[in-house]
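Here is a short briefing on one protein model. Please read it alongside the sequence and the coordinates.

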Amino acid sequence: MSTGTRADVSHGAFRLDSTVPGAASRGLDAFRRGWETQLGGGFRLPAFSPATIGDFRVKGRAARLSDVTIADLHGASATRTVGTPRGDEDLVRMYVVRQGTWALDGPRDRDGHTVSAGQFLLRHFGHPSAFETAPHTTAKILFMPTAMLGPLLGNRTITGPVDSAEVRLLAAHANMVHETIADLSPAGVHAAHNTLIELAKAVAQSRFDETEPLLAPSLARAAKDLADRHLAHPELSPTMLARELRVSVRTLQRAFAAAGESVTTYIRHQRLEEARLALVAGPGRPSVSELAAHWQFADSSHFIRAFKKRYGQTPTEYARSTGQTRPEAELDPAPAPSTPAGPPGTGT
């Protein structure tokens, strides 16, 4: 279990893991201490049930950008609050649930709501709300200022699938914040904060401004995350990614170009990296022809040329250099006649 040590007036972060043996009984205390020390008092933690206090097995991370807080939590144990923090907590919150369930009590005149796996909820909470989570719940929670989002939301509760284009972009940006927050300058904090608010507005409106330059890094990251999950899919291409993220191919290409790469090159390199890892996986690893087919290369000779260009060795040479050898004819067969490459733009 560990908490961070960085905190200032603009941002802070901490991590905690009470799922390790012996940490559960001290987990909630460490979580509360890290939250209050590193993130400030803008959001007060509620009182938890005795069962939660005695068995708080949670792994998570949280980051603060000025008046915005992002928390990624995985609860091995169930959690339940028995009260709400004192004082008004006028916040907009967004719950993105990947696994399990997050049940919210209704604030005053509104009904409660259960956010199930694969769904999100975005709502203005004028007052604190009690909640309960099922065991093995994984969620991203965002706490955002009412002044910037409240007028847009009004009394609406926005719900939908977590794989919508807008939520994908918001999640990608939030993950980048976690990875870079320790090194952000004040200008970086300001830009990251404004981008997150812009993306939250996009979720509320089910659309975003694809010409907004601030969104390019988030768009590229969301496209990479999506591509990484579909590397073996024969239809993976810039066109498919653009369609899933609801942008034009040109907009997607511009987002990648800002980082000095292309969509097609990224897909090809990721496929080659997966093939490289498979070559040193030990007994039962696939042959070159099997790797070429699985990772959507036109044929074995095309795959061999691409691999050598990327790593400076053929697959056989690479496997031999790492001590992972197979019979020559099986590992690196003679180039087969060319076959049709399949749908254009698949990155092969």
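Does Thr 251 count as buried or exposed? Thr 251 counts as buried, at 5% relative accessibility. Buried means under 20% relative accessible area, exposed over 50%, and partly exposed in between, with a 1.4 Å probe and protein chains only. The model is predicted: local features need pLDDT of at least 70, side-chain atom pairs count only at pLDDT 80 or more, and totals for chains, interfaces and linings use all residues. Residues are numbered from 1 along each chain as its sequence is written, and side-chain values use heavy atoms, with hydrogens and water left out.

**Helix α8**

- Thr 251 lies in helix α8, residues 249–257. Helices (H or I, at least four residues) and strands (E, at least two) are DSSP runs, numbered from the N terminus.
- Thr 251 touches Glu 210 and Leu 219, leaving aside residues up to four places away in sequence. Contact means heavy atoms within 4.5 Å.
- Leu 252 also lies in helix α8. Leu 252 counts as buried because its relative accessibility is 0%.
- Beyond residues up to four places away in sequence, the contacts of Leu 252 include Leu 219, Ala 223, Pro 238 and Val 263.
- Leu 252 and Ala 220 are 32 residues apart in sequence, yet 7.0 Å apart in space, C-alpha to C-alpha.

**Seven-stranded sheet**

- An open, antiparallel sheet of seven strands runs in the order β1-β2-β3-β10-β5-β8-β11. Two strands pair if DSSP finds at least two bridges between them.
- Its edge strands, each pairing on one side only, are β1 (11–17) and β11 (157–161).
- Neighbouring strands of this sheet are turned by 10° against each other on average, direction ignored. Axes are lines fitted to C-alpha atoms, for helices over the stretch in contact, and angles run from 0 to 180 degrees between N-to-C directions.
- Strand β8 (residues 119–125) is joined to β11 by five bridges, and the two run antiparallel. Phe 120 stands opposite Gly 160 in β11.

**Helices on that sheet**

- Helix α4 (residues 165–180) packs on the sheet and makes about 90° with the direction of β2. Its contacts include β3, β5 and β8.
- Helix α5 (residues 186–205) packs on the sheet too, at about 105° to the direction of β10. The strands that α5 touches include β1 and β11.

**Four-stranded sheet**

- Another open sheet has four strands, ordered β4-β9-β6-β7, with antiparallel pairing.
- Here β4 (79–80) and β7 (113–116) are the edge strands, each pairing on one side only.
- Three bridges link β6 (residues 101–104) and β9 (residues 131–133) in the antiparallel sense. Ala 103 has Glu 132 in β9 as its bridge partner.
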